[in-house]
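Here is a friendly walk through one protein chain. Please have the sequence and the 3D view open as you read.

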Amino acid sequence: MQATRTVVFLSVESPLGDLLLTGEEAPGSRTGVVLTSVSTAGQRTAPIVQPTWRHAPGALADAAGQLTAYFDGTRTAFDLDLAAPGSDLHRTAWRALDALPHGTTATYPDLAARHGVPHDRVQPFGSAILTNHLLIVRPCHRVLGPGGTALGHAAGPTAKQWLLDHEAAPRTAP
């Protein structure tokens, strides 16, 4: 029988509204917690706090501090232990997102090609990106649609545009 991990959560204020951070206790991680989700209020795929979850500001303090520094403009990359459930294609998509530098953008096909995803798998690759549960930390906002359009973001187009503006990212694909 597999032991259940304790889910911890914290709400953090941000320019995008309140963010819900969730994590799971993971004794082998640097902070004892792996971050499992960063979501905005009202986001369709956002988790809903459950009665069994534990409010744990201390456990998620590092993640909250790094997000605050990102919004303050003093941090351009995150150094957190992240949960990465999913298929091989999902893990490829997560690595691709993690490799996109601050202030840059790429289109879905470009990003797929850079990471060895065959042309016939670009659409599933894009779908995997859209299932990202770690908004901002795993920068899906840096991936653009055809012609550099800012589309496809779980927190909505206004949040995506705000994040791109915050990073001063170009609106056309490189």
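Is I136 buried or exposed? At 2% relative accessibility, I136 counts as buried, where buried means under 20% relative accessible area, exposed over 50%, and partly exposed in between, with a 1.4 Å probe and protein chains only.

Before going further, please note that this is a predicted model, in which local features need pLDDT of at least 70 and side-chain atom pairs count only at pLDDT 80 or more, while totals for chains, interfaces and linings use all residues. Residues are numbered from 1 along each chain as its sequence is written, and side-chain values use heavy atoms, with hydrogens and water left out.

**The loop between α4 and β6**

I136 lies in the loop between α4 and β6; helices (H or I, at least four residues) and strands (E, at least two) are DSSP runs, numbered from the N terminus. The phi of I136 is near 75°, a positive value in a residue other than glycine. P139 has its place in the loop between α4 and β6 as well, and P139 is buried, with a relative accessible area of 4%. Not counting residues up to four places away in sequence, P139 touches L97 and L100, contact meaning heavy atoms within 4.5 Å. P139 and A99 are 40 residues apart along the chain, and their C-alpha atoms are separated by 9.1 Å.

**The sheet**

Now to the strands. Four of them form an open sheet in the order β3-β2-β1-β4, with mixed pairing. Here, two strands pair if DSSP finds at least two bridges between them. β3 and β4 (54-55) stand at the edges with a single partner strand each, so one side of each is left without a neighbour in the sheet. As background, strands of a sheet pair through backbone hydrogen bonds, either parallel or antiparallel.

The pairings are set out below.

| Pair | Bridges | Direction | Example of opposite residues |
|---|---|---|---|
| β1 and β4 | two | parallel | V8 and R54 |
| β1 and β2 | six | antiparallel | L10 and L21 |
| β2 and β3 | seven | antiparallel | L21 and V38 |

A further bridge partner can be named in β3, where S39 is the partner of L20. β1 and β2 form a hairpin with six residues between them, and G17 in the turn has a positive phi of about 105°.

How many of the residues of β2 are buried? Five of the seven are, so β2 is largely enclosed by the rest of the structure. β3 is mostly covered too, with seven of its eight residues buried.

R5 is found in the segment before β1. Leaving aside its neighbours within four places in sequence, R5 is in contact with E24, E25 and A26. R5 and Q161 are 156 residues apart in sequence and 35 Å apart in space, C-alpha to C-alpha.

**Helices and their packing**

α1 lies across β1, β2 and β3, running at about 145° to β2. Axes are lines fitted to C-alpha atoms, for helices over the stretch in contact, and angles run from 0 to 180 degrees between N-to-C directions.

The axes of α2 and α4 come within 9 Å and cross at roughly 70°. The two helices are therefore roughly perpendicular to each other, since angles of 65 to 115 degrees count as roughly perpendicular, under 35 as roughly parallel, over 145 as roughly antiparallel and the rest as oblique. On the α2 side, the contact is made by L89, H90, T92, A93, W94, A96 and L97, and on the α4 side by P124, F125, A128 and I129.

Within α2, L89, T92, A93, W94, A96 and L97 are buried. The buried residues of α2 pack against α3, α4 and β6 (143-144).

**The core**

The largest nonpolar core has 39 residues, and L21, L35, L67, L111, F125, I129 and I136 have the most contacts inside it. Such a core is a set of buried Ala, Val, Leu, Ile, Met, Phe, Trp, Tyr and Cys residues joined through side-chain atoms within 4.5 Å. Two or more residues each come from β1 (7-12), β2 (19-25), β3 (33-40), α1 (61-72), α2 (88-98), α3 (108-114) and α4 (122-130).

L67 touches L19, L21, V38, F78, I136 and V137, again not counting residues up to four places away in sequence. In soluble globular proteins, nonpolar side chains tend to be buried together.
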